[in-house]
Protein chains: 2
Amino acid sequence: MTIQVYNVLTRQKEEFKPLNPELVTMYVCGPTVYDVPHIGHAKTYVSFDVMVRYLRFSGYRVRYVQNITDVGHILDTGEDRILKGARRERIEPMEVVERYTRAYFAAMDALDVTRPDISPRASAHIPEQIEMVKQLVAAGYAYEIDGSVYFSVEKFPGYGKLSGRHVEELEEGARAGTPFRVAVRDEKRHPADFALWKKADPEHILRWPSPWGWGYPGWHLECSVMATKYLGETFDIHGGGVDNIFPHNECEIAQAEAATGRPFANYWLLTGSLTLDGVKMSKSLGNVLNIEAALQKYSPQAIRYFILSSHYSNPIDFSDAAIEAAAKGLERVLVPVRSVRDRLRVAEQTAAVESDEGAAFCATLDRQRAALKEALDDNFNAPATLGVLNQLTTEVNTLLNSGQPIGQTTLTAIDQLYRDYGGTVLGIIPDEFKPESDYALVDGLVQLLIEMRKDARQAKDFKRSDQIRDQLAALGVVLEDGRGGTTYRLTKG
Amino acid sequence: MTIQVYNVLTRQKEEFKPLNPELVTMYVCGPTVYDVPHIGHAKTYVSFDVMVRYLRFSGYRVRYVQNITDVGHILDTGEDRILKGARRERIEPMEVVERYTRAYFAAMDALDVTRPDISPRASAHIPEQIEMVKQLVAAGYAYEIDGSVYFSVEKFPGYGKLSGRHVEELEEGARAGTPFRVAVRDEKRHPADFALWKKADPEHILRWPSPWGWGYPGWHLECSVMATKYLGETFDIHGGGVDNIFPHNECEIAQAEAATGRPFANYWLLTGSLTLDGVKMSKSLGNVLNIEAALQKYSPQAIRYFILSSHYSNPIDFSDAAIEAAAKGLERVLVPVRSVRDRLRVAEQTAAVESDEGAAFCATLDRQRAALKEALDDNFNAPATLGVLNQLTTEVNTLLNSGQPIGQTTLTAIDQLYRDYGGTVLGIIPDEFKPESDYALVDGLVQLLIEMRKDARQAKDFKRSDQIRDQLAALGVVLEDGRGGTTYRLTKG
């Protein structure tokens, strides 16, 4: 197992060596559950899903923690996201959390994204967050002013090491009003200091008692607290979207390392962002594509194929043309997979003989299996992996079209290679092909047989018409002849 | 809306009057997520599901809160249930919580149980629980001894009002070793006093800091805290299994009413328990039937029908004979429903004329609709409701077998009545009938057509054989003739 990863923290590709050689500990920043998930979430979490799948496929155990932000994530307008959702829908804040946590997991399940092993919620870790703030105050990294507690960035020399920003630069930035968007509160000692705990007025529903009075935790705090709680003070991989590298990830490191005195995450892997028709998605612009809406037009596998056609660390642009191209690319891979599985079913019954061409193909499969591993070992390079799958597909098509008999062993080996890399790792090839709407197809087939029975009866071929009726009944389809024509019912429904 | 409920608190049937005439506030004790859910959970939560469904069907808005116990539920052996699960599976306690919370909701979703609006977790409300303990100590209802805090039952005159047990009796019980199972700790002032907060050793993973040192909340506390947090100090309905009436529900009332000085829940509705072949389910006896296993043998609707065939407040015994009887009872109801829906499909196309018998049936439907409402208004009497549905079914069967034409209006009215009470309220009639395994059925139908095409070709009727091939292709089923025979692939799959 020699996987190379690009570590944003060191800005270089490194061999991936987990602290425990058998268990990979991995934390990825999860969503703020105040609205339905959009296609940008799909990009982020499908990318990390493939990493988790590949690590497990490579023999590691993985403990995958991904948080749910249900408190403290404040918009640029100063509004709390959850409370904004609650006002919009006239329900309780925790009903907002419930509704959108469910919507998030439903979307991820539909996209076949592996569930995290632990999905801790920020609101469920208030005491732990208060403890870390107390530690930081006691160690001199944080100070209280009027019921709020701030982290003093000047006290932590490593501040900026992930994003490459410097405290001096941030100070100037804040003064000049550049897009760093550091909220300037007069009470802070330095404009780049950030809140660990915020004082809350009585009308703020999401608030808790603390040594500094009633308030709520700063958004960055939850990740430092929950990552170290479930994975240890130092763990292997920290993931997230590159948009959150500053201030969020930077603050996470500062808080955790100042509190524990140890390195936080060894490898930082960040995903590029997703634009829609070349523009950043934004509610105010009205250009947000929800996952549910996308799934009404495209299959989960096509959406995954589209996302994986660009490297996880790169940005990607979603457009109808791009996703349709992805769907076509996927279909090209699926055609021989279906054909191989169909032939396998026949081969199992007929014990087809292997031709020399068939037997020789196993060398091709070995070569391509090695190439697939190589692509993924190289910083989880999914587009390169898709490239190899496409080459493989060309070679499989040539074999299938050769007219030579292909034996069960070769067919099984082809199927297995697609299942391993296309299925288990990338999640773009289904375990089983099912028609999109079985019900419509069943109805179409039954209607066809009803017509054929009608033809037989009109031709006075009653033996034939009775046979059709009996064979349908054996399949659980009972025909009923009435005045309005023949209807049917499914007895196993 | 005049629903009568049996209120365990007052031991009588009362007219149900919610505090807010439009919004019903309802709390039901949820599961401890340390193992997969069993058929006893199905009994409890299907019962409350029907209440929530019927209240909504009757025009109420309902805020339904059901907690998840992920900390503090201690077994008789003194073990924490979550930690026991973690040891058994050699994973982190929060992975146990994650795994079995998911298993619980997956089982409930499969049983078509409506999700609660808020599913608060005990571990997510530690600060709120500490606050209530502080209030109770300050008001003199609780006392601290060596890092643990106990509720003094003698200080709360209402202790015992739900379960009908008296403090004196409890004291004698504890002394005599009766099955009240009051944990006697020497440090308690009275043997019936119960823990609000328990001191925890450092090796106890699930622990938090508090004014009394590191510890964790007593099991009963979470429900008092989360119910009042999300529903208000006084709310309408508190539900749960009757097995938990003492000490759990009794302690909930004591804690909440002592802390707030107001009544806790106005109506207490408790479900009877479930036995398996006449015996209480028990892991140590090895007689536990998991919901997932039950669903492999029986449909969700059959399991619901079985549960609803006994009144929610009564005990019920699960056996193969009983569930098979329920499945037969359900099938008897489903037969005319399928038939009515099939006829409706034909009627929509043919504009069938209504006969006098058909038109007259609407009076029957009105009468039965009133009877269904009456049954449910009477303390959510599901078995009586099933009785009415069965009478209705007899009458519908008579009409359907009469040979008289039935018009679209009457067919629609019959279908709607079944949909309302059998579907929306009881959840035993599906919105749409689908074959159990569409894939197997599709395969069977296609194989049948392949055989018919083969027969046609052998009879040199190539026009017929080509027609079958083309009609299948139009449905998205492409036939491929090979050496081993004819295979097919689904192009829309």
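Domain bounds, as the word is used here, come from an automatic or database domain assignment. For chain A of this predicted model, that assignment gives domain 1 (4–271), domain 2 (335–425) and domain 3 (438–490). The C-alpha centres of domain 2 of chain A and domain 3 of chain A lie 40 Å apart.

**Chain A overall**

- The secondary structure of chain A consists of 15 helices and 15 strands, and the C-alpha atoms of this chain fill a box of roughly 95 × 60 × 40 Å when the box is taken along the principal axes.
- Of the 493 residues in chain A, 46% are buried.

**Contact between chains A and B**

- The contact between the chains involves 51 residues of chain A and 49 residues of chain B.
- On the side of chain A that touches chain B, the elements that give two or more residues are α3 (93–110), α4 (126–138), α10 (320–350), α14 (438–458) and β15 (485–490) of chain A.
- Among these elements, α14(A) gives the most to that side, with 10 residues.
- Sorted by class, the side of chain A that touches chain B has 24 nonpolar, 12 polar and 15 charged residues.

**A three-stranded sheet in chain A**

- An open sheet of 3 strands in chain A has the order β12-β11-β13, and its pairing is mixed.
- Strand β11 (residues 274–276) of chain A runs antiparallel to β12(A) and is joined to it by 2 bridges; A:Thr275 has A:Lys280 in β12(A) as its bridge partner.

- In chain B, 4 strands form an open sheet in the order β5-β6-β7-β8, with antiparallel pairing.
- The edge strands of this sheet are β5 (142–145) and β8 (215–217) of chain B, each of which pairs on one side only, and neighbouring strands are turned by 20° against each other on average, direction ignored.
- Between β5(B) and strand β6 (residues 148–151) of chain B, which run antiparallel, there are 4 bridges, and B:Glu144 stands opposite B:Val149 in β6(B).
- Helix α4 (residues 126–138) of chain B lies across β5, β6, β7 (194–199) and β8 of chain B, and runs at about 105° to β5(B).

**A helix pair in chain B**

- Helix α11 (residues 356–377) of chain B packs with helix α12 (residues 382–401) of chain B at an angle of about 175°, the axes being 9 Å apart.
- Because angles over 145 degrees count as roughly antiparallel, this angle makes α11(B) roughly antiparallel to α12(B).
- The residues of α11(B) in this contact include B:Phe361, B:Ala371, B:Leu372 and B:Leu376, while those of α12(B) include B:Ala384, B:Val388, B:Leu392 and B:Leu399.
- Taken by class, the residues of the contact of α11(B) with α12(B) divide into 9 nonpolar, 4 polar and 2 charged.

**Backbone details in both chains**

- A cis peptide bond joins A:Phe246 and A:Pro247, with omega about 0°, and A:Pro247 is found in helix α7 (residues 245–260) of chain A.
- In chain B, the peptide bond from B:Phe246 to B:Pro247 is cis, with omega near 5°, and B:Pro247 lies in helix α7 (residues 245–260) of chain B.
- A:Lys460, although not a glycine, has a positive phi of about 60°; this residue is placed in the loop between α14 and α15 (462–474) of chain A.
- A:Lys460 counts as exposed because 9 other C-beta atoms lie within 10 Å, where the cut-off for exposed is 12 or fewer.
- B:Arg11, a residue other than glycine, has a positive phi near 60° and is found in the loop between β1 (4–7) and β2 (12–15) of chain B.
- With 10 C-beta neighbours inside 10 Å, B:Arg11 is likewise counted as exposed.

Definitions and conventions: Residues numbered from 1 in each chain as written. Chains lettered and ligands numbered in written order. Predicted model: local features only at pLDDT ≥ 70, side-chain atom pairs only at ≥ 80, totals over all residues. Axes fitted to C-alpha atoms, helices over the stretch in contact; angles between N-to-C directions. Parallel < 35°, antiparallel > 145°, perpendicular 65-115°, else oblique. Contact = placed C-beta atoms within 7 Å. Nonpolar A, V, L, I, M, F, W, Y, C, P; charged D, E, K, R; others polar. Pairing = 2+ DSSP bridges. Buried ≥ 20, exposed ≤ 12 C-beta atoms within 10 Å, placed from the backbone.
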